[in-house]
Amino acid sequence: MQVKKQSLVQLLPCFLLLSQLFRVSHGDVGTASRYSPPYLPTACFGDDQTEFPSSNLFAAAGDGIWDNGASCGRQYLVRCISASEPGTCVPDQTIQVKIVDYAPTVLSPSSAESTTIVLSETAFGGITNTAADSINIEFQQV
């Protein structure tokens with residue numbers, strides 16, 4: 001019995017290390033740009049303004065997450081992780097956005113082509129300090 005107890009005690013640090021590795025796993029990595037009004041009509045909800053969150057934290061889905069329109073209404077946690085200009089990202093700031101449109105069909109052109117998510121001005125400003133054209137993001141569906 002003493003041998004089994006000793007083996008378990010020796011394995012404990014390994015279990016702790018593995019639990020920490022799984023705990024720090026995050027979402028996917030991609031890019032985000034911003035777009036300005038007009039925001040209507042959208043590919044998801046047409047002219048229905050009631051589908052926009054009152055916080056104005058919404059986005060258009062790029063091809064990588066569009067999923068043939070199935071992404072409409074999905075919610076994502078988004079965090080700026082880097083940009084070409086130092087100091088662009090607000091450290092440790094995460095926002096939750098709702099997908100309301102398809103990026104290639106937005107009325108107002110995005111600040112950068114072919115991004116994963118095109119954020120509303122409010123959403124983009126919530127995770128950046130400057131008016132960058134695009135940023136690198138970490139995002140996760142909730």
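Here is a short walk through this predicted model, from its overall fold to its disulfides.

A word on conventions first: residues are numbered from 1 along each chain as its sequence is written, and side-chain values use heavy atoms, with hydrogens and water left out. Because the model is predicted, local features need pLDDT of at least 70 and side-chain atom pairs count only at pLDDT 80 or more, while totals for chains, interfaces and linings use all residues.

The chain holds 3 helices and 6 strands, where helices (H or I, at least four residues) and strands (E, at least two) are DSSP runs, numbered from the N terminus. If you trace the chain from the N terminus, the elements follow the order α-β-β-α-β-β-β-α-β.

How do the residues pack? Of 142 residues in the chain, 35% are buried; here buried means under 20% relative accessible area, exposed means over 50%, and partly exposed lies in between (1.4 Å probe, protein chains only). Take the contacts (heavy atoms within 4.5 Å) between residues at least 6 apart in sequence: 78% of them join residues at least 24 apart. The accessible surface of the chain is about 8,400 Å², and carbon and sulfur atoms account for 54% of that surface. Accessible areas come from the Shrake-Rupley method with a 1.4 Å probe, and for residues only the protein chains shown count as cover.

A search of the whole structure turns up 2 disulfides, a disulfide being a pair of cysteine sulfur atoms within 2.5 Å. With the bonded cysteines of the chain numbered in sequence order, the pairing reads 1-2, 3-4.

Cysteine 44 counts as buried because its relative accessibility is 17%, whereas cysteine 72, at 24% relative accessible area, is partly exposed.

The other link you can look up is between cysteine 80 and cysteine 89, whose sulfur atoms lie 1.9 Å apart. This link is left-handed, with -50° about the S-S bond. Cysteine 80 has a relative accessibility of 4% and so counts as buried; cysteine 89 is buried with a relative accessible area of 16%.
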